[in-house]
Amino acid sequence: MGTRRPRALALALALLLASSDVAVVVAAQGIGRIQDDPAGRLKVYVYELPPKYNKNIVAKDSRCLSHMFATEIFMHRFLLSSAIRTSNPDEADWFYTPVYTTCDLTPWGHPLTTKSPRMMRSAIQYVSKRWPYWNRTEGADHFFVVPHDFAACFYFQEAKAIERGILPVLRRATLVQTFGQKNHACLKEGSITIPPYTPPHKMRTRLVPPETPRSIFVYFRGLFYDTSNDPEGGYYARGARASVWENFKNNPYFDISTDHPPTYYEDMQRAVFCLCPLGWAPWSPRLVEAVMFGCIPVIIADDIVLPFADAIPWEEIAVFVAEDDVPKLDTILTSIPLEVILRKQALLEDPSMKKTMLFPQPAEPGDAFHQVLNALARKLPHGRYVFLKPGQKVLNWTEGTRDDLKPW
């Protein structure tokens, strides 16, 4: 099969989109779901912690500011200057503890979570001894940002993360996390799923002209095998990425490679479909990049819980492919009706859709920060069960692995 057919098809789609009434109608209708803004009635108290829990860690390694887990840093900075912040804890709806548990990087830039549980336990002990608010609920009106692969399980490999489970002292708290997978030991009921951090300014400076044709049908850059952490080569991404490579490395419809070219962002803007397969966890920054660049996300991650699902109509903008169906990807994607592709592309062009996935500095109305606030506001008012009776205890402070219980 030659290369002209997929490129011609992609180009035809782009040209049709530019002139199609579908784009106009969809744009006029808007997506509707991200207009909700209950955060105006929200009050958050930000605990002031010793800098060893946050500022000193970033000062030691500035790479944390651009890492995919940087949300914990920028959420803290946003709240410090936000209008919803209150200096009176007695009127607060929520309490926030700014501890940076993923800003301990190896020379290769991978977070070490060895100290994370001890850091978190130490920070909670600090606030529980100096303020009365943790003790009256044991954290049920507190939220924490835990953006690592398996969130508050604090481990990068799934089997070990499941074995560890969520840090016991966080079992009553609300977790704001990138990890989301249904019926999983590391996803606590009531957690708020967010997109990973991607530098907004970096992407916005790489936008191509809107009339640029989408001449790539399917695009992906990244690992197919993680042999450094998975020597057998079969567990990483539950084999889904390996299946993409083995089945489509020579398929002219698929522009896939382990290379990460300097034109990566521009290439995504020239693609119709962008593969967003799971890695060690179900999510990846490609999800944000695809939405930002108007490339239809092809989500390959069974049971994934997507960010801000109450605000973003994922079922309308993305294509979902079961992990077992990866060998049929070419058939699945080429069988999607043209009008469906055009509608998804038009929805992805909505500026409010793109903004929802970003954590910009300074913050912007409707961005990901505000979606987090909206999600917190929707959980109000707190039910009576949140507040404990005098002397009542629910959490067991001595529960956990031996290393987790060490002081930090």
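Author: Let's start with a helix pair: F74, M75, F78 and L79 in α4 meet F369, H370, V372 and L373 in α16. By class, that contact has seven nonpolar residues, one polar and no charged ones. Keep in mind that this is a predicted model.

Reader: What makes α4 and α16 roughly perpendicular to each other?

Author: The angle does. Helix α4 (residues 71-81) packs on helix α16 (residues 368-378) at about 75 degrees, and their axes are 11 Å apart. Angles of 65 to 115 degrees count as roughly perpendicular, so α4 and α16 get that label.

Reader: Okay, on to charges. How do you know that D404 and R164 form a salt bridge?

Author: Look at the N to O distance between their side chains, which is 2.8 Å. The rule asks for a Lys or Arg side-chain nitrogen within 4 Å of an Asp or Glu carboxyl oxygen, so the pair of D404 and R164 qualifies. The two come from distant parts of the chain: D404 is in the segment after α16 and R164 is in helix α7 (residues 158-164), 240 residues apart.

Reader: Why is D404 called buried, and why is R164 called partly exposed?

Author: D404 has a relative accessible area of 7%, and buried means under 20%, so D404 is buried. R164 comes in at 22%.

Reader: What makes E399 and R171 a salt bridge, and which parts does the pair tie together?

Author: Their side chains meet at 2.9 Å, N to O, and the cut-off is within 4 Å. E399 lies in the segment after α16 and R171 in the loop between α7 and β4 (174-177), so the pair ties together parts that are 228 residues apart in sequence. E399 has 30% relative accessibility and counts as partly exposed; R171, at 41%, counts as partly exposed too.

Reader: How do you know that K406 forms a salt bridge with D403?

Author: That's the distance rule again. The closest N and O atoms of K406 and D403 are 3.2 Å apart, and the limit is 4 Å. K406 is partly exposed at 43%, and so is D403 at 47%.

Reader: Let's go to the loop between α15 (351-356) and α16, where M357 lies. Why is M357 called buried?

Author: Its relative accessible area is 1%, and buried means under 20%, so M357 is buried. Not counting residues up to four places away in sequence, M357 touches P195, L287, V288, V291, P307, I312, W314 and A368. M357 and I194 are 163 residues apart in sequence, while their C-alpha atoms are 8.2 Å apart in space.

Reader: What makes the phi of A237 stand out?

Author: It is near 55 degrees, a positive value in a residue other than glycine. Most residues other than glycine have a negative phi. A237 lies in the loop between β6 and α9, and at 1% relative accessibility A237 counts as buried. D303 has a positive phi as well, about 65 degrees, and is not a glycine. D303 is found in the loop between β9 and α12 (314-317), and with 45% relative accessibility D303 counts as partly exposed.

Reader: Last one: how many of the 408 residues are buried, as a percentage?

Author: Buried residues make up 56% of them. The chain has 16 helices and ten strands.

Definitions and conventions: Residues numbered from 1 in each chain as written. Predicted model: local features only at pLDDT ≥ 70, side-chain atom pairs only at ≥ 80, totals over all residues. Heavy atoms only, no water. Axes fitted to C-alpha atoms, helices over the stretch in contact; angles between N-to-C directions. Helix = DSSP H or I, 4+ residues; strand = E, 2+ residues; numbered from the N terminus. Parallel < 35°, antiparallel > 145°, perpendicular 65-115°, else oblique. Contact = heavy atoms within 4.5 Å. Nonpolar A, V, L, I, M, F, W, Y, C, P; charged D, E, K, R; others polar. Buried < 20%, exposed > 50% of the residue type's maximum accessible area, 1.4 Å probe, protein only.
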